[in-house]
Amino acid sequence: MAIQFNFVSSMLILVLLSISSVEGQGGGGGGVIDVVAKFGAKADEKTDLSKPLLDAWKEACASTSPSKIVIPKGIYFLSTATLDGPCKAPIELQVQGTVKAPIAFNRIENFKLSGGGVFDGQGTTAYKREGCKGHDYCGSLPINLRFDFLTNAMIQDITTKDSKQFQANVLGCKNITFEHFTVSAPDESPNTDGIHIGRSDGVNVLNSEIKTGDDCVSIGDGSKNLVINGVTCGPGHGISIGSLELFKNEEPVDGVTVKNCTMTNTSNGVRIKTWPGAEPGTCSNIHFEDITVTNVSSPIIIDQKYCPWNKCKINEEPKVKLSNISFKNIHCTSARPEAVKIICSATLPCENVELADIEITHSGPTGPAVSQCSNVKPKVSGKQNPAACSAPIPAKPTPTA
């Protein structure tokens, strides 16, 4: 049902936003607003785009008919900008050039971001900053693209590169689709999740390419009815749910489908991670299907003992209940012998976990691929290579990033 719901929602968004081809609009405002021609923006890499862009947004937002704001080809310096709603009619922001980010979109309905342009966070100098890599967070660093509390939105044919922190952050959104979305950042860029999703309903990530130094897509608490389809990931840390329940009052994760995705040279493939000894919560109805993994260190992983930087109560059991989880038709090669690792809570064992048609071989010289399980009795069907849950768990599980 999640796939059908989200694809129907995506089609409704496309129909709704098609009216934003607004050349020649009549009264009530609207039409095409060129930030260079009308508001004097300069593509000289030093003149701040903020005022021309905000002036164009103010005009478009007040219009009672659909509007399109155009940022023409060229390279623009942007100190920062937040484009706020609510607005009176649909708006499309067409970025044809390169904008030296960051930018935020807040409380907008019926919005489209398109144009084939690039948001460049210029993050390469920040990646070596003391206190980022190997520590908990770089919370003070900017995020290239923020989508906060949007309803009915399409992000299409856009590239985000070299953000100093997350490449794109989705919070509190309903019915938002990323299609032909490109993320580009080096493998050594810390905490640069490609798309981080939290407390949102009906997010689609379709036919997109993500190369980054952290999770290609990370799914936080309160996420429901998500579809990730046709994503290529690598380098990066794979597609992850979590980490969950580190903080109080986190909301359940329910209804995530990851399908037709390819992971290449990533540290993880498809993963669920929760903190031990932290807050209670639930994560359910999660489905990973038709996934190709090539030279991936941990292709299939549920890690309820997730403890980076040793900042957790590692000897306490996790309090997150995981249920209705499936891994189907996942194949190719693992960079480490532990191809499948399902580590669940002893006090709240995983329920209704399914492994179907798993074919993963170890690409290294240190022996065949193995499958490890703890506190779970999965339903097994189809081919199983490695044999499901056939290997012992080491005394100290290998930490994952």
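His237 lies in the loop between β19 (232-233) and β20 (239-244); helices (H or I, at least four residues) and strands (E, at least two) are DSSP runs, numbered from the N terminus. The model is predicted: local features need pLDDT of at least 70, side-chain atom pairs count only at pLDDT 80 or more, and totals for chains, interfaces and linings use all residues. Residues are numbered from 1 along each chain as its sequence is written, and side-chain values use heavy atoms, with hydrogens and water left out.

UniProt, in an unreviewed entry, places the feature "active site" at His237. Such annotations may be inferred rather than shown by experiment. His237 is buried, at a relative accessible area of 13% (buried means under 20%, with a 1.4 Å probe and protein chains only). Its side chain reaches the backbone oxygen of Gly213 at 3.3 Å.

The pairing is parallel in an open sheet of 11 strands, ordered β4-β7-β10-β12-β14-β17-β20-β22-β24-β26-β28. Strands pair if DSSP finds at least two bridges between them. β4 (82-84) and β28 (370-374) stand at the edges; each has a single partner strand, so one side of each lacks a neighbour in the sheet. On average, neighbouring strands are turned by 15 degrees against each other, direction ignored.

Within this sheet, β10 (residues 145-148) and β12 (residues 168-171) run parallel and are joined by four bridges. Arg146 stands opposite Asn169 in β12. Helix α2 (residues 50-62) packs on the sheet and touches β4 and β7 (103-106) (contact means heavy atoms within 4.5 Å). The direction of α2 makes about 10 degrees with that of β4; axes are lines fitted to C-alpha atoms, for helices over the stretch in contact, and angles run from 0 to 180 degrees between N-to-C directions.

Notes:
Buried means under 20% relative accessible area, exposed over 50%, partly exposed in between (1.4 Å probe, protein chains only). A polar contact is a pair of N or O atoms within 3.5 Å; within protein, one must be able to donate a hydrogen and the other to accept it, and residues adjacent in sequence count only if both atoms are side-chain atoms.
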